[in-house]
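Biologist: I'm new to this one. Could you show me how to read it, one feature at a time?

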Amino acid sequence: MNSKEKRELSEADICAKFITPAIIDAGWDEMKQIRREVTLTPGPIVVRGNVSSRNKNKKKFADYVLSWEPGVPIGVVEAKDNNHTVSHGLQQALGYAEILEVPSAFSSNGDAFASHNKVPTPGEDIETEFPFALFPPPQELWRRYKQFHGIEDEAEKLVVQPYHEDPSGKEPRYYQVDAINRTVEAVASGQRRVLLVMATGTGKTYTTFQIIWRLWKGGVVKRILFLADRNILVDQTLVNDFKPFGSVMTKIKNRKIDPAYEIYLGLYQAITGPAEEDKIFKSVSPEFFDMIVIDECHRGSAADDAAWREILDYFSGAVQVGLTATPKETKYVSNITYFGEPVYTYSLKQGIEDGFLAPYKVVRIDIDKDIHGWTPPPGMKDDLGQEIEQREYNQKDMDRILVLNQRTKLVANRVMQYLRATDTFSKTIIFCEDIDHAERMRAAIVNAAGQLALDNPKYVMRITGDSIEGKAELDNFIDPESRFPVIATTSELLTTGVDAKTCKLIVLDKTITSMTVFKQIIGRGTRIDEENGKWFFTIMDFKKATELFRDPDFDGEPVVIYEPDDDDGPVPPDPPPDDGDGEDDGGDEGGEGTRKIRVSGVPVSIIAERIEYIGPDGDLITESYKDFTRKQIQSEYASLDQFLYRWNGAKKKQAIIEELEEHGIVLANLAEEVGKEYGDFDLICHIAYGQPPLTRKERASNVKKRNYFTKYGEQAKGVLTALLDKYADEGIGTLESAKVLRLDPFKTMGTPVEIINDIFGGKDGYENAIQELEQELFRQDQTA
């Protein structure tokens, strides 16, 4: 094949004819070791207004992932067609190698390979080019991988222990593979304490299952204890991710550890307690469990008397794995001090950037009495007739010390206003200061919801630790199939561990100073639920809690900041009382023992409201969908002339629409804001370049008025007139699809083949007629 012919080949042809054969010839097993066209990330979701779309332009898609064994990737190859240089795809391959944590990256254009080796031998170049015949065999890439991750030969057997294969075909995502492999490799290398940091909603429990499965099947551990601090977490794990363990698995209950099983799931509360007789974990020997997994380990303190710490100390010989979304790192408390540095971290920011987690928009609402404060007039009494202390009350006092009934009513009305404008059945969690506040908010929502609450008394429920009725509805709240309850008011119970995939609105009417608590609350909304149309969520903030988004620690790397002096011990001390970083920040018990000042009749109002979105750099920005669209279109086409040149030159206008979608612009979504009667062309010209828009019907009418059809016979004129009507009703996509000819009124004119061949003289004639019709539709001498 000469070079000219080679340059005419597509990328897929280059792969099939040159790259794949070269890799196979080097000794790679095509079925077990070579994976083609692997989607690593789906691309982030872009949110503007009440609409969202995936930015497919940022999708990460590897042409080849090379594995030593299934689930153990050791190299990536990026392919390009022959119009590119050999090393053109190497930077892209390196990006994939980075997230897969592999040391070998390659690129090829069909002429040779370019290589980047992160573990070169002395005197060896990091980057080289070589002919196809010299592509390295699997053993060489495996050697590099072992060196890169510090894996000794004796650890190899466990490191390649197979994953559990799900009958449904479910496979772990790239970051789950990274987390599983790093943990198994750490244990295989003799590490006994392992910390995994993974954002809420990224599948920590499924990841844990695969880790346990591989270590269990590899014979390294026989009895495993999985500890959680919420009953619902244990129950969800039992019936979902851990189900394949079947009959060897049990839930610890009736305060008894039955030695007949191998996998034990339990609550801290079920195996320990303040009294010595409560500590049933001591009923078995310290060697009973080979492995302990602590879910959400940030919720304990690393202090000696924390529940999980006591259990871990008892079973100190076991492999101990801590799972958390938010490592607790303060001056006094450190999980990292106990477990060591995380073997793997997958952050909320990365999850949103990859497109595995739902992005958020923030609605910040300022209330006058919160911002300006409120001082009661001298001698003013509360609703119980008690004189109110003469001082200024501000945002931190609201609903903790001072209850302004009109404020609660205002918040409830604003929540319902938002839901009525979007979807009154969007699952919503309202975080309140304490149980009393959660109950008052429930009542205020009932009144604001009106008929919705009358039609179903469970439209809103208070779900707090003390409410049997509320807790009984928790399963229904998180079940996507269950419509009610729609709104849950709470203070602490729903901050953690509850898998509410369909939650679309989080309301913060709670003072939050703890970054750990804040991250956990935000985590209630980060799960994507495609089946139920949940792509993003909204945070409505009445108490400036979202200022924590601007804190550099919000998504930073965890760092131990406990700095002992020479005379201090190595273990961080207990935090002093009320250190402000505890989990009881306005908790379910908070405020219950304090007499609150309740005042009716004090008017309150909203003085400011703004909406912010996640920008391309991950920071919050204030921008409308129109502004976002304008910037994106202008980045692609700097001027109206450039756009018109591209539009008029495109054989299929739909191709331009699809290109814009890759930049996160969905014109159908934009039409929701501007007007559904406008076509894609007018939406683009109007939003990006300020041109007066014409509706589709106006454009179609203008063409008909110009007697454009006189050049065609009656039959062709009938087809083109009907196509114009279809455009007026449905848009450019319908006009350019040949499938439209199967619909009315075309069915009465003949089959699609008859219309194209007999009326227009063949495919070329028909396509030319469509293009000429489009030129008439989008002529620039028309005015709105």
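**Around D81**

Modeller: Let's start with a pair of side chains: D81 and H84 are joined by a polar contact of 2.9 Å. A polar contact is a pair of N or O atoms within 3.5 Å; within protein, one must be able to donate a hydrogen and the other to accept it, and residues adjacent in sequence count only if both atoms are side-chain atoms. This is a predicted model, with local features needing pLDDT of at least 70 and side-chain atom pairs pLDDT 80 or more, while totals for chains, interfaces and linings use all residues. Residues are numbered from 1 along each chain as its sequence is written, and side-chain values use heavy atoms, leaving out hydrogens and water.

Biologist: Which backbone nitrogen lies 2.9 Å from a polar atom of the D81 side chain?

Modeller: That of N83. As for its place, D81 is in the loop between β5 (72–79) and α3 (90–100). Helices (H or I, at least four residues) and strands (E, at least two) are DSSP runs, numbered from the N terminus.

Biologist: Is D81 buried or exposed?

Modeller: Buried means under 20% relative accessible area, exposed over 50%, and partly exposed in between (1.4 Å probe, protein chains only). D81 is buried, yet has no salt bridge. A salt bridge needs a side-chain nitrogen of Lys or Arg within 4 Å of a carboxyl oxygen of Asp or Glu. Lys and Arg count as positive, Asp and Glu as negative, with His and the chain ends not counted; the nearest side chain of opposite charge to D81 is K80, 8.5 Å away.

Biologist: What does D81 touch, leaving out residues up to four places away in sequence?

Modeller: Contact means heavy atoms within 4.5 Å. On that basis D81 touches L9, S10, E11, I14 and N109.

Biologist: And which residues of α3 are buried?

Modeller: An α-helix has 3.6 residues a turn, so residues three or four places apart point the same way. In α3 the buried ones are L90, A93, Y96, A97, I99 and L100. After α3 comes E101, with a positive phi near 55 degrees.

Biologist: How many disulfides are there?

Modeller: A disulfide is a covalent bond between the sulfur atoms of two cysteines. Counting pairs of cysteine sulfur atoms within 2.5 Å, the total is zero.

Biologist: How far do I trust the chain?

Modeller: Check pLDDT, the predictor's confidence in each residue, from 0 to 100. The chain's mean is 86, and 89% of its residues reach 70 or more. Over residues 556–592, though, pLDDT is below 50.
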